[in-house]
Amino acid sequence: MTQLLEKYPAEIEKILDKYPPDRKRSAVLPLLYIAQKEYGYCTPDAIREVAGIVGVEPTEVESVVGFYTLFYDHPVGEHVVQICNDLPCALRGSEQFLDHACKKLGLDKHKVEHGGQTTTDGSVTLESVVCLGACDKAPMMQIDLEYFERLSNEDFDRIIEEMLAKSNHG
Amino acid sequence: MKTVRSMVLVSNDPLSQARGAQAVYQRLEQEIAARGLTDEISLMTVDDVGRHDTVPMVIVYPEAVIYGPVKPDDVAMLVEEHLYKGRIASGLLAPARELTGRIAWLSARKGTLPAEQRIVLERAGLIDPESIEDYIIHDGYVALGKVLTQMKPTDVIAELEQSGLQGRGGAGFPTGLKWKFVSKAPGDRKYVICNADESEPGTFKDRLVLEGDPHTILEAMTIAAYAVGASEGYIYVRGEYVLAQQRLKKAIEQARALNLLGENIFGSAFSFDIHVHAGAGAYICGEETALIESIEGKRGEPRSRPPYPTTHGLWGKPTLVNNVETLANITAIIRNGAAWFRKFGTPKSPGTKVYTILGNVNVTGLIEVPMGITLREVIAIYGKGMKNGSSLSLAQTGGSSGSIIPASLQDTPMDFESFGKAGVSLGSGALLICDDTTCVVDLAKVLLNFFRNESCGKCTPCRIGTERAYQILANICEGTGTRNDLAQLTMLADSLTALSNCGLGQTAATPIRDMFKHFSGEVDAHIQLKVCPAGVCSMSGRRL
């Protein structure tokens with residue numbers, strides 16, 4: 001189980017270099033980012049490998065994955081769409097925007113609000129999240145951590161369609 | 001090998017061009033060549049030097065001398081004096097920039113508002129954040145140079161203490177004192193951490209500083225490290241802030257390349273390096289001990305305090321943790337002095353504060369204003385009044401962990417002291433302005449929903465308390481709240497404050513308390529009359 005090490009030796013070394021040699025555990029978060037980028041989510045194998053690299057038990061790495069919302073311990077869609085539905089956004093209509101997004105993607109709003117839901121074709125995971133720090137430009141969303149601001153329902157349709165068209169060709 | 005000893009920049013913005021910048025550039029090229037200096041002097045143009053009163057300008061590095069306005073006929077003298085003989089051509093110096101006004105504004109609307117004074121947002125939006133040259137032109141790394149060549153660590157701390165700067169993360173702890181604690185803490189290794197895990201709902205000031213002026217954070221951290229005796233620094237950036245991470249990493253590489261980070265900075269005995277550590281989506285990691293746990297590669301669960309990070313921080317070593325906005329004040333204070341900084345704000349809360357204005361006002365966005373301005377002024381001047389001419393019914397200051405304040409407090413000066421006296425929190429600087437279409441119970445419900453999601457679950461009062469408080473508030477919004485619920489809510493608020501392990505649980509009680517304190521009439525209407533005065537709550541008769 002050294003797939004990540006074999007594929008990204010330089011990146012991993014650079015990450016480990018940022019921390020004192022006896023504090024390798026600090027590299028858990030950055031290593032999990034690499035794992036997630038590679039496999040789409042933090043797979044059990046990847047978790048074991050990360051644990052091996054930093055020298056802790058896999059269960060400890062697993063507990064870290066479970067703690068942070070940007071790490072997934074289950075497969076998610078090819079694209080992760082996060083709509084901010086916090087107070088300042090809600091005052092600017094993010095609730096209705098979320099309703100529209102759920103409808104457009106054929107998802108259940110309750111599930112989207114409670115941990116997120118993925119489209120049946122596995123292309124998109126939609127999540128309702130708290131503050132993303134773009135409150136004056138609500139409604140807004142992040143797609144794979146890229147910001148999209150001041151959105152209308154039509155904007156959402158267009159952005160999603162373009163994104164899906166691109167990934168189908170790529 | 002070609003060794004460049006001076007860098008000469010000519011301003012080349014449209015106004016400079018109109019005033020003959022091109023001719024100045026050509027003359028410089030000729031004069032430098034005529035003196036055989038072409039290999040030693042690098043000549044280039046810059047698009048915008050941030051001021052237009054004295055263009056075209058010629059700026060010479062590494063001395064950072066600014067000449068302007070320069071006419072083509074001045075060039076021969078300039079080259080002879082400064083570049084050939086190494087003396088400053090004082091007759092051509094640009095006049096020092098006067099500080100005008102006291103109010104800053106960052107956006108396209110800049111210029112239409114009262115005169116500017118930025119400290120924190122001094123450069124954000126005005127410079128190319130990916131260019132270290134641009135930063136240097138705008139007084140960048142001058143403070144670090146001053147600190148490393150002219151000041152002892154104790155001088156730096158004394159200057160900061162005199163400035164009266166208080167932590168801008170929300171608590172308002174005196175920054176100089178914190179630095180002093182770390183500098184006096186025994187330990188062979190010390191760390192400086194920049195808390196850039198901004199996730200307070202309604203707050204995005206730190207993101208704009210990181211994205212717009214990353215070098216100021218690096219420079220301030222390096223100054224801090226020199227003052228407290230640290231050798232390594234980490235910037236803990238929120239996982240969602242991808243652009244900020246990229247810009248910081250790029251800035252670090254640029255600074256390393258110029259030896260502004262790394263071994264023996266500026267040829268001094270002082271060495272320091274900075275790394276970016278990305279978070280991964282956890283509000284609680286903004287709490288400094290949770291943040292430290294997270295850098296250590298663990299779940300971001302807060303530690304019990306004391307001991308404080310100033311003595312037992314990252315890997316058990318003395319650690320200085322400062323918020324982005326706090327750090328963004330440092331270079332200006334060092335450059336201009338504590339007395340200058342005290343000209344802004346109030347005697348007990350000097351300086352400026354960056355606010356995000358949100359909600360039912362005509363203009364939303366980011367402002368930097370002196371400490372002590374009132375909410376009424378903010379709404380009238382910067383918010384351009386309430387939307388649709390409605391009136392202010394309440395405001396939420398400082399994000400979820402801040403306060404809900406009634407309209408009656410809109411004339412209270414917004415500074416740490418006055419707000420502290422009024423029993424409300426300035427917090428992170430989010431100002432959510434609400435008119436009478438906002439229901440305070442609904443607002444409190446949304447806030448508790450946030451806290452129950454973000455509670456890390458380590459301690460019971462917070463894990464259970466926030467969940468239970470949310471349910472009760474939800475019932476009140478559905479019209480099924482009872483008197484008994486109110487008593488329970490008060491009890492929950494008390495136990496959240498008294499028993500929670502960290503600030504998250506403790507401040508989760510604030511919206512409940514503020515609601516009872518300032519808006520008991522609205523709450524009563526929900527309970528007794530089963531009416532939501534704002535017409536927001538569904539009052540459906542459901543009970544969770």
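Which elements of chain B cover the buried residues of α3(B)? To find out, select α3, residues 75-84 of chain B, where B:V75, B:L78, B:V79, B:E81, B:H82 and B:L83 are buried, buried meaning under 20% relative accessible area, exposed over 50% and partly exposed in between, with a 1.4 Å probe and protein chains only. What covers these residues includes β1 (6-11), α2 (21-34), β2 (41-46), β3 (58-61) and β4 (65-67) of chain B, helices (H or I, at least four residues) and strands (E, at least two) being DSSP runs numbered from the N terminus.

This is a predicted model, in which local features need pLDDT of at least 70 and side-chain atom pairs count only at pLDDT 80 or more, while totals for chains, interfaces and linings use all residues. Residues are numbered from 1 along each chain as its sequence is written, chains are lettered from A and ligands numbered from 1 in the order in which they are written, and side-chain values use heavy atoms, leaving out hydrogens and water.

Then select B:R35, B:E80, B:E81, B:K85 and B:R87, which are linked in a network of salt bridges, each bridge being a side-chain nitrogen of Lys or Arg within 4 Å of a carboxyl oxygen of Asp or Glu.

Now show B:E40 and B:R5, whose salt bridge has its closest N and O atoms 2.6 Å apart. Because B:E40 lies in the loop between α2 and β2 and B:R5 in the segment before β1, the pair ties together parts of chain B that are 35 residues apart in sequence.

Definitions and conventions
Contact means heavy atoms within 4.5 Å.
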